[in-house]
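Subject: Structure for your review

Dear colleague,

Please find below the structure that I am handing over to you.

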Amino acid sequence: MLLSLRDVSKSFASGTQALKGLTLDVGAGEFLSLVGPSGCGKSTALRLIAGLIAPDGGAVNFAGDKPETGFVFQEPTLMPWANALTNARLALDLEGVARGEAEARAAEALARAGLKGFEQAFPRELSGGMKMRVSIARAIAAKPKLLLMDEPFAALDEPARQALNDDLLTLWREDGMTIVFVTHSVYESAYLSTRVAVFSARPGRVVEEIALKPPAQRDERYRLTPEFAAAAGRISAALKAKP
Ligand SMILES: Nc1ncnc2c1ncn2[C@@H]1O[C@H](COP(=O)(O)OP(=O)(O)OP(=O)(O)O)[C@@H](O)[C@H]1O
Ligand SMILES: [Mg+2]
């Protein structure tokens with residue numbers, strides 16, 4: 001077990017209660033997806049795990065020391081005046097890593113994220129998928145144990161999204177990271193996840209957990225199998241159930 005949320009509640013000053021009774025364990029090395037209706041508190045749950053906000057009630061506990069954590073947002077949030085290498089270096093700069101080492105690690109992260117040769121490119125010169133790759137490179141450059149991703153591929157066309165799905169799975173396997181991934185896509189969660197947590201409508205809590213066993217090495221052929229269809233069907237049914 002890496003971390004657990006126990007009976008977590010969270011309201012905002014506006015009076016909106018985003019989460020109530022949210023209980024969820026995250027195991028080390030999992031690829032856990034969070035799905036649920038819009039506004040049910042998925043982004044709030046990620047921000048609680050990241051420690052960006054604190055719960056009003058309940059607890060967010062880590063099994064050991066809080067792990068090095070990366071965060072990837074839906075928008076790539078790049079600095080428009082800086083090239084890909086400088087953008088990918090940001091977390092390392094903030095950690096005080098020396099410039100030469102930060103550049104080497106950022107260049108390696110860009111290559112692993114599929115952007116070798118684009119180190120000097122500015123965000124305006126990159127496609128949406130490539131900008132997201134820079135954002136992923138920035139997150140993995142710091143070698144996080146835990147990677148939190150909030151609908152990172154929602155704005156991409158389907159081929160770009162599928163390519164990024166496969167490349168993300170490769171990074172997950174190679175680095176042994178734990179990934180918590182928010183998505184609206186049943187098919188994306190079915191393809192990527194070892195487990196899917198389905199949220200209720202606001203105030204959000206987990207109403208169903210679906211364990212999946214996708215093949216370790218998968219590609220587009222997996223999307224055509226009965227196993228994949230069954231996984232997507234289970235997730236879809238849980239989303240439609242109105243508890
Ligand atoms: N900083 C905030 N201040 C006030 N209300 C907020 C804040 N952040 C989120 N909320 C509200 O809390 C609820 C949950 O928001 P959250 O962004 O976590 O939902 P979500 O599940 O990520 O939704 P979506 O799928 O649309 O991204 C929403 O009603 C939202 O308007
Ligand atoms: Mg959200």
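The notes that follow take the ligand site, the domains and some individual residues in turn.

This is a predicted model, in which local features need pLDDT of at least 70 and side-chain atom pairs count only at pLDDT 80 or more, while totals for chains, interfaces and linings use all residues. Residues are numbered from 1 along each chain as its sequence is written, and chains are lettered from A and ligands numbered from 1 in the order in which they are written.

**Ligand site**

The shell around ligand 1 consists of Phe12, Ser14, Thr16, Ala18, Ser38, Gly39, Cys40, Gly41, Lys42, Ser43, Thr44 and Arg202; a residue is near a molecule if its C-beta atom, placed from the backbone, lies within 6 Å of it. By class, this shell has three nonpolar, seven polar and two charged residues. Here Ala, Val, Leu, Ile, Met, Phe, Trp, Tyr, Cys and Pro count as nonpolar, Asp, Glu, Lys and Arg as charged, and the others, Gly among them, as polar.

Helix H1 (residues 42-50) gives the most to the shell around ligand 1, with three residues. Helices (H or I, at least four residues) and strands (E, at least two) are DSSP runs, numbered from the N terminus. Within H1, Lys42, Thr44, Ala45, Leu46, Leu48 and Ile49 are buried. A residue is buried if 20 or more other C-beta atoms lie within 10 Å of its own, exposed if 12 or fewer, and partly exposed in between, with C-beta atoms placed from the backbone. Gly51 follows H1 and has a positive phi, near 80°.

Gly41 sits in the loop between strand S3 (31-35) and H1. Gly41 counts as buried because it has 28 C-beta neighbours inside 10 Å. Its contacts, leaving aside neighbours within four places in sequence, are Ala18, Leu19, Phe199, Arg202, Pro203 and Gly204; two residues are in contact if their C-beta atoms, placed from the backbone, lie within 7 Å. The C-alpha atoms of Gly41 and Ala18 are separated by 5.1 Å, although these residues are 23 residues apart along the chain.

The peptide bond from Arg202 to Pro203 is cis, with omega near -5°. Pro203 belongs to the loop between strand S8 (195-199) and strand S9 (206-211).

**Domains and helix packing**

The domain assignment of the protein chain gives domain 1 (3-67 + 145-240) and domain 2 (78-142); such bounds come from an automatic or database domain assignment. Taken over C-alpha atoms, the centres of domain 1 and domain 2 are separated by 25 Å. The contact takes 10 residues from domain 1 and eight residues from domain 2. On the side of domain 1 that touches domain 2, helix H5 (residues 158-175) gives the most, with five residues. By class, that side of domain 1 has eight nonpolar, no polar and two charged residues.

Leu171 is found in helix H5 and is in contact with Arg112 and Ile140, leaving aside its neighbours within four places in sequence. Leu171 counts as partly exposed because it has 19 C-beta neighbours inside 10 Å. Leu171 and Ala113 are 58 residues apart along the chain, and their C-alpha atoms are separated by 8.0 Å.

The axes of helix H2 (residues 84-95) and helix H4 (residues 128-141) come within 7 Å and cross at roughly 35°. Axes are lines fitted to C-alpha atoms, for helices over the stretch in contact, and angles run from 0 to 180 degrees between N-to-C directions. In this contact, Ala84, Asn87, Ala88, Arg89, Leu90, Ala91 and Leu92 in H2 meet Val134, Ala137, Arg138 and Ala141 in H4. The residues of the contact divide into eight nonpolar, one polar and two charged.

**Backbone points to check**

Asp7 has a positive phi of about 50° although it is not a glycine, and its place is in strand S1 (residues 3-11). Thr77, likewise not a glycine, has a positive phi of about 45° and lies in the loop between strand S5 (69-72) and H2. Asp7 counts as partly exposed because it has 14 C-beta neighbours inside 10 Å. Thr77 is partly exposed, with 15 other C-beta atoms within 10 Å.

Yours sincerely
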